[in-house]
Amino acid sequence: MHCPVCGEIYKNDDVVLLDEGNGTTHRKCYNKNSEQIKDVGSYREITNKYDFFESVRTP
Ligand SMILES: [Zn+2]
């Protein structure tokens, strides 16, 4: 997966936000209302925590 703001592919240790629509954005790239954030963590943590990311998990 990649960040919709900067277009870069996420690395496992990038800090990402999970928003209301279950979309992800780098924390450093996020500039919308913070109330829409559901979770925050490293890309690896977030993708391992939520089943809907199963197909994009990296070992
Ligand atoms: Zn980004």
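**Close-up views of a predicted model**

**View 1. The pairing of strands E1 and E2.** Strand E1 is joined to strand E2, which covers residues 24–26, by three bridges, and the two strands run antiparallel. This is a predicted model, and every view below is taken from it. Within this pair, Val 16 has His 26 of E2 opposite it, while Leu 17 faces Thr 25, again in E2.

View 2. Together E1 and E2 make a hairpin, with four residues lying between the two strands. How exposed is Gly 21, judged by its C-beta neighbours inside 10 Å? Gly 21 has 8 such neighbours and therefore counts as exposed, since a residue with 12 or fewer is placed in that class. Asn 22 has 11 C-beta neighbours inside 10 Å, so it too counts as exposed. Gly 23, on the other hand, has 13 C-beta neighbours inside 10 Å and for that reason counts as partly exposed.

**View 3. The backbone at Asn 22.** In the turn of the hairpin, Asn 22 has a positive phi of about 60 degrees, although this residue is not a glycine.

View 4. Gly 21 and Glu 8 are 13 residues apart along the chain, and their C-alpha atoms are separated by 20 Å. For Gly 23 and Glu 35, the separation is 12 residues in sequence and 14 Å in space, taken from C-alpha to C-alpha.

**View 5. The sheet of three strands.** On its other pairing, strand E1 (residues 15–19) is joined by five bridges to strand E3 (residues 37–42), and these two strands also run antiparallel. One of the residues involved is Leu 18, whose bridge partner in E3 is Asp 39. In what order do the three strands lie in the open sheet? The order is E2-E1-E3, and the pairing is antiparallel. E2 and E3 are the edge strands, each of them pairing on one side only. On average, and with direction ignored, neighbouring strands of this sheet are turned by 30 degrees against each other.

**View 6. The largest nonpolar core.** Six residues make up the largest nonpolar core, namely Tyr 10, Val 16, Leu 17, Leu 18, Tyr 43 and Ile 46. The elements that give two or more residues to this core are E1 and helix H1, which covers residues 43–49. E1 provides the largest share, with three residues. If neighbours within four places in sequence are left aside, Val 16 is in contact with Tyr 10, Thr 24, Thr 25, His 26, Arg 27, Tyr 43 and Ile 46.

View 7. Ile 46 has its place in helix H1. Why does Ile 46 count as buried? Within 10 Å there are 21 other C-beta atoms, so Ile 46 is buried, because the class begins at 20 or more. Not counting residues up to four places away in sequence, Ile 46 touches Val 16, Leu 18, Thr 24, Asp 39, Gly 41 and Phe 53. Ile 46 and His 26 lie 20 residues apart in sequence, and 12 Å separate them in space, C-alpha to C-alpha.

**View 8. The chain as a setting for the close-ups.** One helix and three strands are present in the chain, and from the N terminus on the elements run β-β-β-α. The radius of gyration is 10 Å, close to the 10 Å that the globule rule gives for 59 residues, so the chain is as compact as a globular protein of that length. Along its principal axes, the C-alpha trace spans about 30 × 20 × 15 Å. Of the 59 residues in the chain, 14% are buried. Among contacts with a separation of 6 or more, 31% are between residues 24 or more positions apart.

Definitions and conventions
Residues are numbered from 1 along each chain as its sequence is written. This is a predicted model: local features need pLDDT of at least 70, side-chain atom pairs count only at pLDDT 80 or more; totals for chains, interfaces and linings use all residues. Two strands pair if DSSP finds at least two bridges between them. Axes are lines fitted to C-alpha atoms, for helices over the stretch in contact, and angles run from 0 to 180 degrees between N-to-C directions. A nonpolar core is a set of buried Ala, Val, Leu, Ile, Met, Phe, Trp, Tyr and Cys residues joined through C-beta atoms within 7 Å. Two residues are in contact if their C-beta atoms, placed from the backbone, lie within 7 Å. The radius of gyration is taken over C-alpha atoms; the globule rule is 2.2 Å times the number of residues to the power 0.38.
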